[in-house]
Amino acid sequence: MLRTGRKNRQKDISTGMNTGNYTKRTEAFLNTFLEKEGYSLIRTEFVEEDHNWYLRAYIDLTAEEYEKRLKKKQEALAAEKGEAAEATEPAGTADEALLQDASAEDEAETELPGIGINDCVKVSRRLSKWLDQEDFIKEVYTLEVCSKGFL
């Protein structure tokens, strides 16, 4: 999301801006709600890349939220296995059915819960609203909320 501070739309090179204050204020705000929502803040950064400024917040799930999502996924898998056992045997040989079940089971077990796009969107919208209200960043920048996988 491209954002522009309303007070000063041009980059002021002569003032020797203190971008560390941008990240500190952003971190302070994020820390007021992230843990309650099941997220933890890994870090924030305000960086210039190819003449463009980026305010990035890297988030992850708290250990408690991760365990909660993992348990929910395991319960869903157990329920699916229970339903599959009750279903009639699929067409084909018993060996083919076993291979299909094992393949689906392996695939499902490797998908661990983690930060998804909806999590990043949720945090980004709340952060964006606050940044609009506070309006303390002078530079034109892009806001990004990412999982720690982008580090």
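1. Which loop holds Asp-50? Asp-50 lies in the loop between β2 (39–49) and β3 (52–61); strands here are DSSP runs of E with at least two residues, helices are runs of H or I with at least four, and both are numbered from the N terminus.

2. A word on the model before going on. This is a predicted model, in which local features need pLDDT of at least 70 and side-chain atom pairs count only at pLDDT 80 or more, while totals for chains, interfaces and linings use all residues. Residues are numbered from 1 along each chain as its sequence is written, and side-chain values use heavy atoms, with hydrogens and water left out.

3. Most residues other than glycine have a negative phi. Asp-50 has a positive one, near 50 degrees, and phi of Asp-135 is also positive, near 50 degrees. Asp-135 is placed in the loop between α5 (117–134) and β4 (141–147). Asp-50 counts as exposed, at 70% relative accessibility, whereas Asp-135 counts as buried, at 11%. Buried means under 20% relative accessible area, exposed over 50%, and partly exposed in between (1.4 Å probe, protein chains only).

4. Now for the aromatic rings. Rings of Phe, Tyr and Trp (its six-membered ring) pair if their centres lie within 6.5 Å; planes under 30 degrees apart are stacked, over 60 edge-to-face, and the rest tilted. By this rule there are seven aromatic pairs. One of them joins Tyr-22 and Phe-46 edge-to-face, with 4.9 Å between centres and 90 degrees between planes. This pair links distant parts of the chain, as Tyr-22 is in helix α1 (residues 19–30) and Phe-46 in strand β2, 24 residues apart. Tyr-22 and Phe-46 are both buried.

5. Trp-130 and Phe-136 also pair edge-to-face, because their ring centres are 5.5 Å apart and their planes stand at 65 degrees. Both Trp-130 and Phe-136 are buried. One aromatic cluster takes in Tyr-22, Phe-29, Phe-33, Phe-46, Trp-53, Trp-130, Phe-136 and Tyr-141.

6. Two arginines are worth a look as well. The charged end of Arg-126 sits over the ring of Phe-33, 4.0 Å from its centre, and that of Arg-56 sits over the ring of Tyr-54, 4.7 Å from its centre. The rule asks for NZ of Lys or CZ of Arg within 6 Å of the ring centre and within 35 degrees of the ring normal.

7. Finally, Val-47 lies in strand β2 and is partly exposed, with a relative accessible area of 21%. Apart from neighbours within four places in sequence, Val-47 is in contact (heavy atoms within 4.5 Å) with Asn-52, Trp-53, Tyr-54 and Arg-56.
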